[in-house]
Amino acid sequence: MRRMVSESHKQDAPDTMSTSGPAAGCMTMVRVLPERVTMPEQLPFTYVPNYVPDADALFARLREGLDWVHREGTPRLEYYANRHCVPYTYGRGMGRRTYEAQPWTADIHTLSDRLLEDYGDVLDVCFLNRYLNQRDHLGWHADDSPEMSDSRHIAVISLGVEREIWVRPRADREQVSRIRLGHGSLFLMHPGMQDTHEHRIPKAGFECGERISMTYRGYEEPGA
C-alpha cells in the first residue's frame, strides 16, 4: 500500500487507516490530508476529512434537536428520516424492527444536497446513530436492504469523538481494515461495496464521549 501523504505533512498528520491480517504480517498506514484520501484500489471506499463546515454547531443541533429513539437491547440511540415518508424494516428474525420516518430536517436536507452536487447521487434516506460512550457500538453488517440502492454511494458523516470503522471482505473475513473517522469527516462507500464487504463500529478501547453518524443512502421502491 502506498502512503498518501505529502512531505510537508509527514511529521504531524494523524494516522487514519490501517490494514492488517494474518496474511499481511505488518500494518501500513494512510495519513490524513486536508483533501480527499484515496484508499488502495482493492478497498471500495474513500475517506474525506473535514468535509463538514462548522461541525461543532451541526453536532450540537443534531444532539439537542432530534427526537432520538432508544430501542431495548440496542447499544446506541437512533433517528431515521427519508424524503418519502415511508417506514423502513431492518434485520431478520428476532432482530427484525421497523422504523417510522421522522422529519427530514434542514440540516439533513443541506448535506443531502451537497452530496448530490459532489458525487452525483440522490441520497434521500438518512439513518442517524448516536453513540453515547465507548460501550455503544454497531455490529458487523452490510447495508444491503432491498429498499436501499446498490448502484449509488453510501455516505457516512461523522461528528463528535473520533471512532473507528472496521471493514472486511466477505471472501476473507480475517482481513480487516480499520479507519479512524474524524470529527466532520465523510466516509464514502462506493456502489457495490455492500455486495462484497461488511463493516462495523466496534466498542472503543478508551473512555470517550459522544459520536453522531449520519448515513445517507438512496431509496428504491421494493420490486421496482
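A: What follows starts with the chain as a whole, then turns to the ring pairs and to the cores.

The model is predicted. The chain contains three helices and 15 strands, and 50% of its 224 residues count as buried. Of the contacts between residues at least 6 apart in sequence, 72% join residues at least 24 apart.

Nine aromatic pairs occur in the structure. In one of them, the ring centres of tyrosine 88 and phenylalanine 127 are 6.4 Å apart and the planes stand at 75°, so this pair is edge-to-face. The cut-off behind that step is that planes over 60 degrees apart count as edge-to-face. The pair links distant parts of the chain, with tyrosine 88 in strand 6 (residues 88-90) and phenylalanine 127 in strand 8 (residues 125-131), 39 residues apart. Both tyrosine 88 and phenylalanine 127 are buried. Through ring pairs, these two residues join Tyr80 and Tyr99 in a cluster.

The charged end of arginine 114 sits over the ring of tyrosine 51, 3.7 Å from its centre. Likewise, tryptophan 166 has the charged end of arginine 178 over its ring, 4.4 Å from the centre.

In soluble globular proteins, nonpolar side chains tend to be buried together. The largest core here has 28 residues, and the members that touch the most others are Ile108, Leu128, Ile157, Leu159, Leu186, Met214 and Tyr216. Among the elements giving two or more residues to this core are helix 1 (55-65), helix 2 (106-119), strand 8 and strand 15 (211-217). Isoleucine 108 touches Tyr79, Ala81, Pro103, Cys126, Leu128, Met214 and Tyr216, leaving aside residues up to four places away in sequence.

A second, separate core of 15 residues includes Phe45, Tyr47, Leu138 and Ile201. Phe45 and Tyr47 belong to strand 4 (residues 45-48), where they point one way while Thr46 and Val48 point the other way. All four of these residues are buried. In a regular strand the side chains alternate between the two faces of the sheet. Strand 4 pairs with strand 13 in the antiparallel sense, over four bridges. Within strand 13, phenylalanine 187 stands opposite tyrosine 47.

Definitions and conventions. Residues are numbered from 1 along each chain as its sequence is written. This is a predicted model: local features need pLDDT of at least 70, side-chain atom pairs count only at pLDDT 80 or more; totals for chains, interfaces and linings use all residues. Side-chain values use heavy atoms; hydrogens and water are left out. Rings of Phe, Tyr and Trp (its six-membered ring) pair if their centres lie within 6.5 Å; planes under 30 degrees apart count as stacked, over 60 as edge-to-face and the rest as tilted. Buried means under 20% relative accessible area, exposed over 50%, partly exposed in between (1.4 Å probe, protein chains only). A charge sits over a ring if NZ of Lys or CZ of Arg is within 6 Å of the ring centre and within 35 degrees of the ring normal. A nonpolar core is a set of buried Ala, Val, Leu, Ile, Met, Phe, Trp, Tyr and Cys residues joined through side-chain atoms within 4.5 Å. Contact means heavy atoms within 4.5 Å. Two strands pair if DSSP finds at least two bridges between them.
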